[in-house]
Amino acid sequence: KNLILAGPAAVTIHDDSPAQMRDLASNFYLTEQDVAAGRTRADACCGKLAELNPYVQVKVHKGALTQEDLAQYKVVVFLDKSRKEIVEANNFCRSKGIGFISAEIYGLACRCFVDFGPSHTVIDGDGEQCRSAIIAGITQENPGTVHTHNDSRHGFADGDHVTFSEVGG
């Protein structure tokens, strides 16, 4: 849903599993009628997802996903697949420069793996909101010392990536 709202040109859904009653607790696009009719989760959700953003082409891929299928995408997302499937797909995607994301959900916990290749850099070390502080001064010695306004605690640690903006003087 959120991906489609963000507005990529196209989204393809691949889920050949039939909708089950337990799916209704976590997928609000599924209905009891979908379960009774034996519709796949992808087929049952496709139309409703497409309604979210008319500028995004939403379609369903049926059957096995081949390397030829994966090669047509810029990014693929795998959910709840076996480790073997994840490793094989990621190795292929990495060799072709295709972004790869996999996730598994375990009730209240989850695991996510992201591979956008060797040139992709993540600076965020802990997932927390970026901190900001008002700098009162920086000494001229080597290494320099940064002093915050009123010597307030800033929460930064050695090795943190820091960007200065609105520098004057």
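In this predicted model, I4 makes contact, beyond its neighbours within four places in sequence, with V11, L49, L52, N53, V56 and V58. Several of these names return when the nonpolar cores are considered. The largest such core comprises 14 residues, and those with the most contacts inside it are I4, I13, L30, C45, L49, V56 and V58. Strand 1 (10–13) and helix 3 (41–52) each supply at least two residues of this core. Helix 3 gives the most, with five residues. As a general matter, nonpolar side chains in soluble globular proteins tend to be buried together.

Three strands form an open sheet in the order 3-4-5, and their pairing is mixed. Because strand 3 (75–79) and strand 5 (109–115) stand at the edges, each with a single partner strand, one side of each is left without a neighbour in the sheet. From one strand to the next, the twist averages 10°.

How do strand 3 and strand 4 run, and how many bridges join them? Strand 3 and strand 4 (residues 99–106) run parallel and are joined by five bridges. On strand 4, I101 is the bridge partner of V77.

A helix accompanies this sheet. Helix 5 (residues 83–96) lies across strand 3, strand 4 and strand 5, and helix 5 runs at about 160° to strand 4.

Key. Residues numbered from 1 in each chain as written. Predicted model: local features only at pLDDT ≥ 70, side-chain atom pairs only at ≥ 80, totals over all residues. Heavy atoms only, no water. Pairing = 2+ DSSP bridges. Helix = DSSP H or I, 4+ residues; strand = E, 2+ residues; numbered from the N terminus. Axes fitted to C-alpha atoms, helices over the stretch in contact; angles between N-to-C directions. Contact = heavy atoms within 4.5 Å. Core = buried A, V, L, I, M, F, W, Y, C linked by side-chain atoms within 4.5 Å. Buried < 20%, exposed > 50% of the residue type's maximum accessible area, 1.4 Å probe, protein only.
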